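Hi,

Here is the structure I promised to pass on.

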Amino acid sequence: MTDTGKDGLEGWRATVSGNTLIVYAEGSNHENDWKRNFRPWPRVSHQHPQWRKMAVWLVWEIARWAKESGATRIVLHGHSMGGAVVLIAADELVPMGYNVYVVTYGAPKPGILRNTFPITQYRRSGDLVPS
């Protein structure tokens with residue numbers, strides 16, 4: 001199975017290798033992404049509201065893909081904004097019972113995460129994106 005973004009979060013890819021579902025979410029690619037990134041957070045929210053909206057959509061898609069493929073392990077990769085989105089998605093998938101591992105590249109802090117899961121984060125010193 002290989003799928004690509006059409007709705008919700010553009011710029012994602014998903015594939016299955018053995019019992020592992022691998023999902024990749026790209027970073028900001030166009031003007032609308034940058035506008036979304038710099039919107040102020042409401043004080044009542046503990047996560048960036050636009051990234052959370054994309055992550056919730058992605059969680060439903062991941063759950064569907066995992067069920068269809070029989071995957072028992074989920075690896076989420078994301079660059080920049082995509083990294084923040086997969087961190088939020090992982091935070092939602094863990095309480096649902098999924099075995100999740102996350103790799104991010106230059107991802108900003110998405111807000112407060114409630115759950116623990118394995119994360120490898122790559123950052124470049126001097127990067128403009130706060131992490």
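Below is what I found, going from the overall picture to single residues.

First, the ground rules. This is a predicted model, so local features need pLDDT of at least 70 and side-chain atom pairs count only at pLDDT 80 or more, while totals for chains, interfaces and linings use all residues. Residues are numbered from 1 along each chain as its sequence is written, and side-chain values use heavy atoms, with hydrogens and water left out.

On confidence: pLDDT is the predictor's confidence in each residue, from 0 to 100. The protein averages 81, and 75% of the residues score at least 70.

Of the 131 residues, 41% count as buried; buried means under 20% relative accessible area, exposed over 50%, and partly exposed in between, with a 1.4 Å probe and protein chains only. Taking contacts with a separation of 6 or more, 56% are between residues 24 or more positions apart.

Now the strands, where a pair needs at least two bridges found by DSSP. S2 (residues 12–17) and S3 (residues 20–25) run antiparallel and are joined by six bridges. They form a hairpin with two residues between them, and Gly18 in the turn has a positive phi of about 65°. Ser17 has Thr20 in S3 as its bridge partner. S3 is also joined to S4 (residues 73–79) by six bridges, this time running parallel, and Val23 stands opposite Leu76 in S4.

Val23 and Leu76 turn up again in the largest nonpolar core, which has 28 residues; both are among those with the most contacts inside it, alongside Leu21, Leu58, Ile62, Trp65 and Val102. (A nonpolar core is a set of buried Ala, Val, Leu, Ile, Met, Phe, Trp, Tyr and Cys residues joined through side-chain atoms within 4.5 Å.) S2, S3, helix H2 (49–69), S4, H3 and S5 each give two or more residues to this core, and H3 gives the most, with nine.

- Ser80 lies in the loop between S4 and H3. Its phi is positive, about 55°, although it is not a glycine, and at 11% relative accessibility Ser80 is buried.
- Glu92 sits in helix H3 (residues 81–93) and counts as buried, with a relative accessible area of 18%. Its side chain makes a polar contact of 3.1 Å with that of Arg114 (a pair of N or O atoms within 3.5 Å, one able to donate a hydrogen and the other to accept it; residues adjacent in sequence count only if both atoms are side-chain atoms). Not counting residues up to four places away, Glu92 touches Arg52, Val59 and Arg114.
- Thr104, in S5, is buried at 1% relative accessibility. Leaving aside neighbours within four places in sequence, Thr104 has contacts that include Gly78, Gly83 and Tyr122.

Cheers

Note on methods. Helices (H or I, at least four residues) and strands (E, at least two) are DSSP runs, numbered from the N terminus. Contact means heavy atoms within 4.5 Å.
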